[in-house]
Amino acid sequence: MSVSIGYFPGCSGLGTSMEYERSTRAVCTSLGLSLREIPDWNCCGSTPAHTVDHVLSAALSSRIFAQAESAGITDVITPCPSCLKNLRNCLDGMEDPLFAARVEALTERPLHMRHSVRSVLQVLVEDIGPEAIAARVRRPLAGLKAVPYYGCLMTRPGEVMRFDNPENPMGLDRLLEALGVEVLPFPLKTDCCGASFAVPAREAAPRLGGRILDLAASLGADLVVVACPLCQMNLDLRQSQIKAKSGGSYRLAVPYYTQLMAYAFGLPDADAGFHKLAVGMQPALERMRDRAVQKAAQEREEAAKRAVRNKAAAQKMASPAPLPEAEAAEKDAGPAGGEA
Amino acid sequence: MDTIYLNSPDSLFIREVEEESGQVLSRCYQCGNCTAGCPMAFSFDSPVSRIMRLIQAGQKEAVLSSRAVWLCASCETCTQRCPNTIDVARIMDVCRHMARREKKSGIYAVKVFFDSFLLAVERHGRPHELGIMALFMARTGRFWTDLDLAPTMLTKGKMALLPHNVEGRGEVAEIFRRFRDGASDAALVKALRGGRAATAPGGPGMRERGVSEEKSGEGLA
């Protein structure tokens, strides 16, 4: 069964976060979510717009909703938390008649429908759920160690974003666990990475990204898994700049959670889009396979030991002087025990 | 920092911040929780809790010429953690709006970056990274900005050479033009609506933060 929902890709999906865009679409399709893109959408204005004026920012978002209305779309989802915050602030703000009138004075396109907007992550976690996601996994990511990094805006402020615990969200943790990932507790999961100042305040911004990457590396993570195009670009593309300040020597891949989903679902490599990351996934995937092989060997060894112990116990239970038949039965049980 | 003259508070400034942010400033009792959680505090000249105190004391000049209002990353940690549910990040945003209106130079590079971004949106309907960076470099003279990243971005196919034009970009440009012409001015819109919204709260923040009863009560009194 397919559910149809409005979709706002956000500008970064056309360039810097094209792998997020492609993997999001692929994952949603494979989970039965049919995305209807808003026609001829514009930029929400991101951080720059709301630092200039809240009505201007809301007007840019309001044109997006007006475009949605032209296609009969009311409910919208978006992968980008920064877009989401602006779209939400627009809808929440326009509940106030004066604010709505000021926005309409700029757009001259009043809205007529009741709209809602949520993040793709929230829909996957709350509507689809980890069980359904786990059921879709073809290539489990067992052996992969990752820290979940939600970024500052996905859950904050709680009253605007209305998703999960604002300070210690667990939705992305559960989703990654459903893929088989070993999720490490990450105390900085909602701390700011400084992305919006990466260009104009280069003396300040790398400190914030550095804290996040340093901690992830020291916890032994292979990956920092993200859900925000601004965080991703900051922590991945700018990792070399950040390390030049912090002196770190790690190379941490920073994939979007949707890329890991596409990979785990067994979708084509082009949908997972690992080749688009600045820091490659290959070392992390190799470590994952090594750990999986080690774990399997360990399990085989333990199973063999268990079989030996069981055999000894069975011998004790039987007569003190083993009969020839019992010995023969033990020989048969040997390889079978190894397989268990 | 400079001496603060408490005998000359700018009460108009205090009222403006309250109206534009929809927040009640007297709720701040200086617990410092906002500053404790602020990730940019190390780069601020006045930490955010001190900015709050300066606003309460009506120190317009000190607030609007601070570096802090330009370096706030809008990460919303302060808003989330305020025990008195003050939307602190919104107040920082509003101070930044006022600093622009008062033509404060602020932190030039930050202002230029945001302006360059919005100019691209105004022209094309969507930002164009290469154009934004070119404009930023030309205006700030920082010609080396992120040149180290260009090879990776190009080989990964992530840097569009041409802008992504929106068909309705004329409509988006009109939004900016009307904004510059003052079409969204609160007093003007109120007057045009025939005073129907005269007692409505000033912004979205107030309703969200649950203080609308107090404020609209004042308005009716």
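This is a predicted model: local features need pLDDT of at least 70, side-chain atom pairs count only at pLDDT 80 or more; totals for chains, interfaces and linings use all residues.
Chain B contains 14 helices and zero strands. Read from the N terminus on, its elements follow the order α-α-α-α-α-α-α-α-α-α-α-α-α-α. Of the 221 residues in this chain, 42% count as buried. Where contacts in chain B join residues at least 6 apart in sequence, 62% of them link residues at least 24 apart. The chain is divided into two parts, domain 1 covering residues 11-101 and domain 2 covering residues 108-180. Taken over C-alpha atoms, the centres of domain 1 and domain 2 of chain B are separated by 29 Å.

Within chain B, helix α1 (residues 11-21) packs against helix α7 (residues 88-101) at an angle of about 120°, and their axes are 9 Å apart. This angle makes α1(B) oblique to α7(B). The crossing of the two helices, α1(B) and α7(B), is right-handed. On the α1(B) side the contact is made by B:Val17, B:Glu20 and B:Ser21, and on the α7(B) side by B:Arg90, B:Ile91, B:Val94 and B:Cys95. Sorted by class, the residues in the contact of α1(B) with α7(B) are four nonpolar, one polar and two charged.

At the interface between the chains, 57 residues of chain B are in contact with 57 residues of chain A. On the side of chain B that touches chain A, two or more residues come from each of α6 (77-81), α7, α8 (108-124), α9 (129-140), α11 (169-180), α12 (186-192) and α13 (204-208) of chain B. Helix α8(B) gives the most to this side, with seven residues. By class, the side of chain B that touches chain A is made up of 28 nonpolar, 13 polar and 16 charged residues.

Chain A is divided into domain 1 (3-122), domain 2 (130-288) and domain 3 (290-339). Between domain 2 and domain 3 of chain A, five residues of domain 2 are in contact with four residues of domain 3. The side of domain 2 that touches domain 3 in chain A has two nonpolar residues, one polar residue and two charged residues.

In chain A, helix α10 (residues 205-218) and helix α12 (residues 239-246) cross at roughly 90°, and their axes come within 9 Å. Helices α10(A) and α12(A) are therefore roughly perpendicular to each other. From α10(A), the residues A:Pro206, A:Arg207, A:Gly209, A:Gly210, A:Leu213 and A:Asp214 meet A:Gln239, A:Gln241, A:Ile242, A:Lys245 and A:Ser246 of α12(A). The contact of α10(A) with α12(A) comprises three nonpolar, five polar and three charged residues.

Two serines of chain A lie in helices. A:Ser30 is found in helix α1 (residues 18-30) of chain A. With 15 other C-beta atoms within 10 Å, A:Ser30 is partly exposed. Apart from neighbours within four places in sequence, A:Ser30 is in contact with A:Arg136, A:Phe265 and A:Leu267. The C-alpha atom of A:Ser30 is separated by 34 Å from that of A:Leu215, 185 residues apart along the chain. A:Ser46 lies in helix α2 (residues 46-52) of chain A, and its phi is near 45°, a positive value in a residue other than glycine. A:Ser46 has 25 other C-beta atoms within 10 Å and is therefore buried.

Another backbone feature of chain A concerns a proline. The peptide bond from A:Arg156 to A:Pro157 is cis, with omega near -10°. A:Pro157 is located in the loop between β5 (145-149) and α8 (158-161) of chain A.

Conventions. Residues are numbered from 1 along each chain as its sequence is written. Chains are lettered from A and ligands numbered from 1 in the order in which they are written. Domain bounds come from an automatic or database domain assignment. Axes are lines fitted to C-alpha atoms, for helices over the stretch in contact, and angles run from 0 to 180 degrees between N-to-C directions. Helices (H or I, at least four residues) and strands (E, at least two) are DSSP runs, numbered from the N terminus. Angles under 35 degrees count as roughly parallel, over 145 as roughly antiparallel, 65 to 115 as roughly perpendicular and the rest as oblique. A crossing is left-handed if the near helix is turned anticlockwise from the far one by less than a right angle, and right-handed if clockwise. Two residues are in contact if their C-beta atoms, placed from the backbone, lie within 7 Å. Ala, Val, Leu, Ile, Met, Phe, Trp, Tyr, Cys and Pro count as nonpolar, Asp, Glu, Lys and Arg as charged, and the others, Gly among them, as polar. A residue is buried if 20 or more other C-beta atoms lie within 10 Å of its own, exposed if 12 or fewer, and partly exposed in between; C-beta atoms are placed from the backbone.
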